[in-house]
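Open the model in your viewer and keep the selection panel at hand.

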Amino acid sequence: MNLSSVFTDVAHKQLVAVDLPGGSNQHELNGIEALKQFFGTGEPTHGTLSWHYFADDHEPAQDEGHFTFYDARAKSAGRTGRTEWRFYYYGQFLAKANVGDWFFLARSQSGRLFALVFQSDSGWLRAAQTLFGVQTSAASFDAIRAETLHSQELELLRRQIIGELDLEVALPVLPTDEELMLAKYGRTFPKTREMAIFARTQVEVDITRPDEALVAWLDREEQLFRALESVVIGERLATGFRTVDEFIEYSLSVQNRRKSRMGFALQNHLSEVFTRQGLRFTPQARTEGNNRPDFIFPGQKEYHKATFDTSLLVMLGVKSTSKDRWRQVLTEADRIPRKHLCTLESGISTKQTEEMARQQLALVIPATLHATYTTDQREKLLSVSEFVEFVRQKQDY
């Protein structure tokens, strides 16, 4: 599977002053050849856009709008032979944007058109650059070649980014995976630990490379889960819903299962990494009060032993996405002043990682996700392999 199985066409540009609204409700972007290639027509076209704006300093914004792609010189083209194609959009959505932000026009496999705007130098933009495989953009539209989309494998990182963008696009599943899961579990979702064990049997890894092993296990489990989910949900949708509330309730249950399952999957596979690396640890250890951090090294017994050297204790929290929930781990182990948090979230903002550092929280992030962070941020991140060595040195006392 690759990115072309999600998006059929993508074009991008860096916004300049003339692209942004100046008080009118109707605005234009010069079309040039890239958009003629995108729309695949020499005729005017119009339709609906799903607008999205992503910035580090506020929640993503979205809206629906309309566009027209047309030749502004159509009436005189017969006499002069000149054309001037423009992308004409309605509304004030780009009033949220600034010069230097990136604009992506993307068409999904279902034909839906997305206008994605990313704040310049933001974590969101770095994630988008990784997703689409582009690192530079000019003031005029440039189309991403079909072979480039086809070459971008739809592995865990890109699926994670698509999920974080919260776009209404369908991620593909393999029919062979559906058959495998139905034969193994029928139409019942297995327990998360059982699912993790089964996923590990489906892929070969080199455990001396913990980051790659962890991502490979997570990637395979996600593929298998989505395959079973596509069957179960597809059958449920086919039966229909009696009311809108019933549909919304079911939709929320699907979203909640996805989120909680990924968090448990990350915990389960990290536990296997640590075990195979020969580290001593207690999962879900009890500390003060009712706190139960995900991992304590070398263990719960040592944590509660007053004479045990606190400099040899390590705590690791696990959250598939950190958002504002990262603060929860700060109070989970009073004896350990510097905490660690493992997450799969890409491109966390500089402002947030600086706040984490002030709160003595160190991030542990699989190496493949480091590209979505700035150079300065990457200097402070730990890969899974580096975290394993950090703990091992403390256990070699």
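Start with the lining of the second largest pocket: seven nonpolar, five polar and five charged residues. Here Ala, Val, Leu, Ile, Met, Phe, Trp, Tyr, Cys and Pro count as nonpolar, Asp, Glu, Lys and Arg as charged, and the others, Gly among them, as polar. The model is predicted: local features need pLDDT of at least 70, side-chain atom pairs count only at pLDDT 80 or more, and totals for chains, interfaces and linings use all residues. Residues are numbered from 1 along each chain as its sequence is written, and side-chain values use heavy atoms, with hydrogens and water left out.

**Stop 1: the pocket**

The volume of the second largest pocket is about 320 Å³. Select Thr353, Ala357, Gln377, Lys380 and Leu381: of the 17 lining residues, these are the closest to its centre. A pocket is an open set of points on a 1 Å grid over the protein atoms alone, with protein on both sides within 12 Å along at least five of seven lines; a cavity is a set where a 1.4 Å probe fits but cannot get out; lining residues have an atom within 4 Å of a point. Points are joined across faces, edges and corners, and a volume is the space filled by probe spheres set on them.

Now colour helix H11 (350-358), strand E13 (361-364) and helix H12 (375-378), each of which supplies at least two lining residues. H11 gives the largest share, five residues. Helices (H or I, at least four residues) and strands (E, at least two) are DSSP runs, numbered from the N terminus.

**Stop 2: Gln360**

Move to the loop between H11 and E13, where Gln360 sits. Gln360 is not a glycine, yet its phi is positive, about 60°. Its relative accessible area is 39%, so Gln360 is partly exposed (buried is under 20%, exposed over 50%, partly exposed in between; 1.4 Å probe, protein chains only).

**Stop 3: Asp166**

Asp166 also has a positive phi of about 60° without being a glycine. Find it in the loop between helix H5 (156-165) and helix H6 (175-185). Asp166 counts as exposed because its relative accessibility is 53%.

**Stop 4: the cavity**

How many cavities of 30 Å³ or more does a search of the whole structure find? One. The largest cavity has a volume of about 80 Å³. Select Met1, Arg159, Leu171, Pro172, Val173, Leu174, Asp177, Glu222, Gln223 and Arg226 to show its lining. Helix H8 (residues 210-239) contributes the most, three residues.

**Stop 5: the core and a cis bond**

Select Phe7, Phe132, Leu270, Phe274, Phe297 and Leu316: they have the most contacts inside the largest nonpolar core, which has 74 residues. Such a core is a set of buried Ala, Val, Leu, Ile, Met, Phe, Trp, Tyr and Cys residues joined through side-chain atoms within 4.5 Å. Another core, of 28 residues, lies apart from it and includes Leu35, Leu49, Phe93 and Leu94.

Zoom in on Phe297. A cis peptide bond joins Phe297 to Pro298, with omega about -5°. Pro298 is in the loop between strand E10 (295-297) and helix H10 (300-304). Most peptide bonds are trans.

**Stop 6: Thr8**

Finish in strand E1 (residues 7-14), which holds Thr8. Leaving aside neighbours within four places in sequence, Thr8 is in contact (heavy atoms within 4.5 Å) with Arg107, Ser108, Gln109 and Leu149. The C-alpha atoms of Thr8 and Gly111 are separated by 8.3 Å, though 103 residues apart along the chain.
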